[in-house]
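User: Could you walk me through this protein model, one feature after another? I would like the cut-offs along the way.

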Amino acid sequence: MKNVEAKQKEKIQNLKMLPKHIILVRHGESEGNKDTSAYSTIPDHKISLTEHGRAQARLAGSRLRDLISSHGSSQDWRVYFYVSPYERTRSTLREIGKSFSKKRVIGVREECRIREQDFGNFQVEERMKATKETREKFGRFFYRFPEGESAADVFDRVSSFLESLWRDIDLNRLNNDPSQDLNLIIISHGLASRVFLMKWFKWTVEQFERLYNPGNCEIRVMELGCGGEYSLAIHHTDEELQEWGLSPEMIEDQKWRINANKTDLNDHCKWYLNSFFDNELDSDEDVKEEDIDSDDDSKDIFLDTDS
């Protein structure tokens, strides 16, 4: 009985060290969003926000503060920011920051690995339009822009960032007091946010291809469930998740995560396993029969080739 109680106390203590929310925020409207010809004369990393984009960021800051203060277990909450080094994300953070007092912010880190996908250097508008049409035919995840990156390349560096993020949390490098709710806010870009979620929730390439880009200053809230798993379904509705491109199976998985324990993960996601393994083969006898049929087919093919 004492061992059970000790394990329960340890679990509660471990949960207290985890962030209450991990929130992804896309930057506000940029000059490039408003007029794509800007990319042909201004380096991508120097593209600034429009006035409307600054207003969007200020509104997002107010929404984030309200969300964190009203959905935590403690009123003594703190935030830690990670931000892409691009001008539009840094400016978005400056505007969002106006909604948070200094005592609430325990740190800010500029993080190059969550920067925008590299599309090459200066982008010639007509050529970029044709290139993006080719990407749609090839597939958005694996297509690599000439002199730039593919979404798969972005996935690799975002995966590296996630490993660092977990080390920061595990070793308490963020210097968070366990009695305070910690909230991580990551201000980045549309594609980087999508591959972050893809990596975190182990979505497939096929599932990624269905996802839509978040709008300017839209947020994606991953909230900690009671078992130590994060879920998008605590804060967001089914309708929102559908609008983002999540399938019914993906939404079901998000709901399962609300009460899931980390140790349960390997026993879940049968919908994922079924995409690779034939769920009609329930027994070893079924597999043996399949093997026999395959052997017969291969003999026929061999004979046909030989003749």
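This is a predicted model: local features need pLDDT of at least 70, side-chain atom pairs count only at pLDDT 80 or more; totals for chains, interfaces and linings use all residues.

User: Why does strand 1 count as largely enclosed by the rest of the structure?

Analyst: Strands here are DSSP runs of E with at least two residues, helices are runs of H or I with at least four, and both are numbered from the N terminus. Strand 1 covers residues 21–26. It is largely enclosed because the buried residues number 6 of the 6.

User: Which residues stand opposite Val25 in strand 4 and in strand 5?

Analyst: Two strands pair if DSSP finds at least two bridges between them. Strand 1 pairs with strand 4 (residues 181–188) in the parallel sense over 6 bridges, and with strand 5 (residues 219–224) in the antiparallel sense over 5 bridges. Opposite Val25 stand, in strand 4, Ile187 and, in strand 5, Ile219.

User: Which element gives the most to the lining of the largest pocket?

Analyst: On a 1 Å grid over the protein atoms alone, a pocket is an open set of points with protein on both sides within 12 Å along at least five of seven lines, a cavity is a set where a 1.4 Å probe fits but cannot get out, and lining residues have an atom within 4 Å of a point. The largest pocket holds about 580 Å³ of space, and of its 25 lining residues the closest to the centre are Tyr39, Glu116, Phe119, Lys132 and Arg135. Helix 2 (31–34), helix 5 (125–138) and helix 7 (190–201) each give two or more residues to this lining. The most, 5 residues, comes from helix 5.

User: What kind of aromatic pair do Phe141 and Phe155 form?

Analyst: Rings of Phe, Tyr and Trp (its six-membered ring) pair if their centres lie within 6.5 Å, with planes under 30 degrees apart stacked, over 60 edge-to-face and the rest tilted. Phe141 lies in the loop between helix 5 and helix 6 (151–170) and Phe155 in helix 6, so the pair ties together parts that are 14 residues apart in sequence. Their ring centres are 6.1 Å apart and their planes at 75°, so the pair is edge-to-face.

User: Which element gives the largest share of the lining of the largest cavity?

Analyst: The search finds 2 cavities of 30 Å³ or more. The largest has about 80 Å³ of space, and its lining includes Ser193, Arg194 and Leu197. The largest share, 3 residues, comes from helix 7.

User: How many disulfides does a search of the whole structure find?

Analyst: A disulfide is a pair of cysteine sulfur atoms within 2.5 Å. Cys112 is partly exposed at 44% relative accessibility, whereas Cys226 is exposed at 53%. Across the whole structure, the number of disulfides found is 0.

Note on methods:
Residues are numbered from 1 along each chain as its sequence is written. Side-chain values use heavy atoms; hydrogens and water are left out. Buried means under 20% relative accessible area, exposed over 50%, partly exposed in between (1.4 Å probe, protein chains only). Grid points are joined across faces, edges and corners, and a volume is the space filled by probe spheres set on the points.
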